[in-house]
Amino acid sequence: MDICFKRKGITVVHVISSSKVCKKAEEAGCDAVVAEGFEAGGHNGREETTTMVLIPAVVNAVKIPVIAAGGIATGKQMLAAMVMGLRVYKWVAALLQAKKPLLILILRML
Amino acid sequence: MINSNEGDTILTLKQLTPVRLIKNNFYKQVQEAENKGASVEELKAILGRARAKKGMFEGQLEEGELEIGQVGANVRDILPAAKIVDEVWQGFKEALANPIKMI
């Protein structure tokens, strides 16, 4: 598979909700994935896998960086995600408290 | 959102693309239609176009789609982004230094 963005030197991070799709993203050449659990707002997986179950599975399934999302709004929750083997974090939920929505969008795209 | 509680968001529209949203009037319309056994086409008609934009960018809190996660129920204050990041980071450092408090 080929990702046209990659040919232009653009970093590609794919949001996924299962190990199966995560592997496909890695095979397709994605630089990282956002693994988003059942708790997360917005579009979500049909498997309804929670962050607590999804993250260890995804971390085992691929070698590219995994960004956790879904149910993470505090430092304690961030640490819990890190313990499950993560390297980066997505703070969308915490940032929803912000008065400046633009910041949320920028951070979501990171 | 700061007044929302546990159970106030739900994963819905599973016949289309599953989405977690906060329960508002739009959700009630979806729920009523689904309870009556609405078809995919009927649900698409209710959803219409740019429903999420209406909710999250145009401020139509009752008729728009508000994609909010479960953890929104834990959020109680509206704070500047810098303070949120600082609090998360401080909380993380404290938890890392003392992850389990034995009683």
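Two residues count as in contact here if their C-beta atoms, placed from the backbone, lie within 7 Å. This is a predicted model, in which local features need pLDDT of at least 70 and side-chain atom pairs count only at pLDDT 80 or more, while totals for chains, interfaces and linings use all residues. Residues are numbered from 1 along each chain as its sequence is written, and chains are lettered from A and ligands numbered from 1 in the order in which they are written.

Start in chain B. Select Gln29(B), Val30(B) and Ala33(B) in helix 1, which meet Glu42(B), Leu43(B) and Ile46(B) in helix 2. (Helices are DSSP runs of H or I with at least four residues, strands are runs of E with at least two, and both are numbered from the N terminus.) Now show residues 25–35 and 40–47 of chain B: the two helix axes, lines fitted to C-alpha atoms over the stretch in contact, come within 10 Å and cross at roughly 165°. Helix 1 and helix 2 of chain B are therefore roughly antiparallel, the label for angles over 145 degrees.

Hop to chain A and pick residues 13–16 plus 32–36. Strand 1 and strand 2 of chain A run parallel, joined by four bridges; pairing takes at least two bridges found by DSSP. Click His14(A) and look across to its bridge partner, Val33(A).

Last stop, the interface: 29 residues of chain A are in contact with 31 of chain B. On the chain A side, helix 4 (75–83) is one of the elements giving two or more residues, and helix 4 gives the most, with four. Then select His43(A) and its bridge partner in strand 2 of chain B, Val19(B); strand 3 of chain A and that strand run antiparallel, with two bridges between them.

Notes: Axes fitted to C-alpha atoms, helices over the stretch in contact; angles between N-to-C directions. Parallel < 35°, antiparallel > 145°, perpendicular 65-115°, else oblique.
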